[in-house]
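Take a moment with the fold below.

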Amino acid sequence: MKSRKSNCDPDSSGYTGRFAPSPSGPLHFGSLLAAVASYLDARSQRGRWLMRMEDLDPEREPPGTDKLILQQLQDFGLCWDGEVIYQSSRLSAYAEAFRQLDSRGLCYRCDCSRQRIKALGSVYDRHCRNRSLPDDSDAAIRLRTDDRKIEFEDLIQGPQSQQIAQQTGDFIIRRRDGLFAYQLAVVVDDAMQDITHVVRGWDLLESTPRQIYLQRLLGYRTPVYAHVPIITNESGQKLSKQHFAEPLDAAHRDKLLTRCLHFLGLQPGPEISRLSVAEQLRWATGRWHIQAVPKLATIPEVSLIPE
């Protein structure tokens, strides 16, 4: 049974945030930083903080990783509200959203290879727009985009603007293997869960205009967005499972959480690391202000466990 419920329901203020990890591996320090930022922003406004597992790619998801991630969050005192939502149980909702878009002539099949797209500089050139590939073709499905400019105010990174057609191009909403793409699934789920605020890593900032574009096409409300800096390793790469980031060590939870608070601009003193994670989170919740988060894309990895 995948459903799992936290017992930390707050008084609702109309704010609803969420954390949505992919169960492709255990959480590392970079993912903890995003989770803590999202949690503190919700709790500081007496809002709800929901949990969603983005488990749409089973071949990359080792069995049991979802339970490990939930345990890691609890180890760090990050308790969520309500039941965990699994994207794998939401396929019919994504299919319905896709049907709505397709019925309006907004979708088309594309059999272009990844190598071809990469050679274009990753901006799709609409090569397959008018080819009318048959329904049974081995192809992904792209969404037609227009020349409108998507603008929004990121609470951390400031004003953002993107012309999707020129900077990204028509983008995939269903993959060649039949799996629904992240961009469509996340938009449908944010709407279903009534998400009002999305606090996540800077690496997803470029995806936000595409998500807003889909929200407008589907008649959904657009949440408020805030993108925190991501942690990079010694090679300048995003700290991630793909780059062999070390899993979180619960034995050092107090010091790791203190390091998160430091990176998020809260300026904790050395005495904070001697507090329990619950005490640190209470301290941070009372002092949280999202404008204090550094307006940076990345923060280089340093010694994560101070001496």
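In α1, residues F29, L32, L33, V36 and L40 meet L256, L257, R259, C260, L261 and F263 of α8. Contact here means heavy atoms within 4.5 Å. The residues of this contact divide into 10 nonpolar, no polar and 1 charged. Nonpolar covers Ala, Val, Leu, Ile, Met, Phe, Trp, Tyr, Cys and Pro; charged covers Asp, Glu, Lys and Arg; the others, Gly among them, are polar.

This is a predicted model, in which local features need pLDDT of at least 70, side-chain atom pairs count only at pLDDT 80 or more, and totals for chains, interfaces and linings use all residues. Residues are numbered from 1 along each chain as its sequence is written, and side-chain values use heavy atoms, with hydrogens and water left out.

How do the two helices pack? Helix α1 spans residues 29-44 and helix α8 residues 253-263; their axes are 10 Å apart, at an angle of about 65°. The axes are lines fitted to C-alpha atoms over the stretch in contact, and angles run from 0 to 180 degrees between N-to-C directions. So α1 is roughly perpendicular to α8, a term for angles of 65 to 115 degrees. Helices (H or I, at least four residues) and strands (E, at least two) are DSSP runs, numbered from the N terminus.

Now turn to helix α7, residues 208-218. Of its 11 residues, 10 are buried. Buried means under 20% relative accessible area, exposed over 50%, and partly exposed in between (1.4 Å probe, protein chains only). Among the buried ones are R210, I212, Y213 and L214. Just after α7, G219 takes a positive phi of about 75°.

Next come the salt bridges. The whole structure holds 15 of them. Each is a side-chain nitrogen of Lys or Arg within 4 Å of a carboxyl oxygen of Asp or Glu.

R18 and D190 form one, 3.1 Å from N to O. R18 sits in strand β2 (residues 16-19) and D190 in helix α6 (residues 182-192), 172 residues apart. Both R18 and D190 are buried.

R176 pairs with D138, with the closest N and O atoms 3.6 Å apart. R176 lies in the loop between β10 and α6, and D138 in the loop between α4 and β7, so the pair ties together parts 38 residues apart in sequence. D138 is exposed, at 52% relative accessible area. R176 is partly exposed, at 35%.

R175 and D177 also meet, 2.5 Å from N to O.

Terms used:
Parallel < 35°, antiparallel > 145°, perpendicular 65-115°, else oblique.
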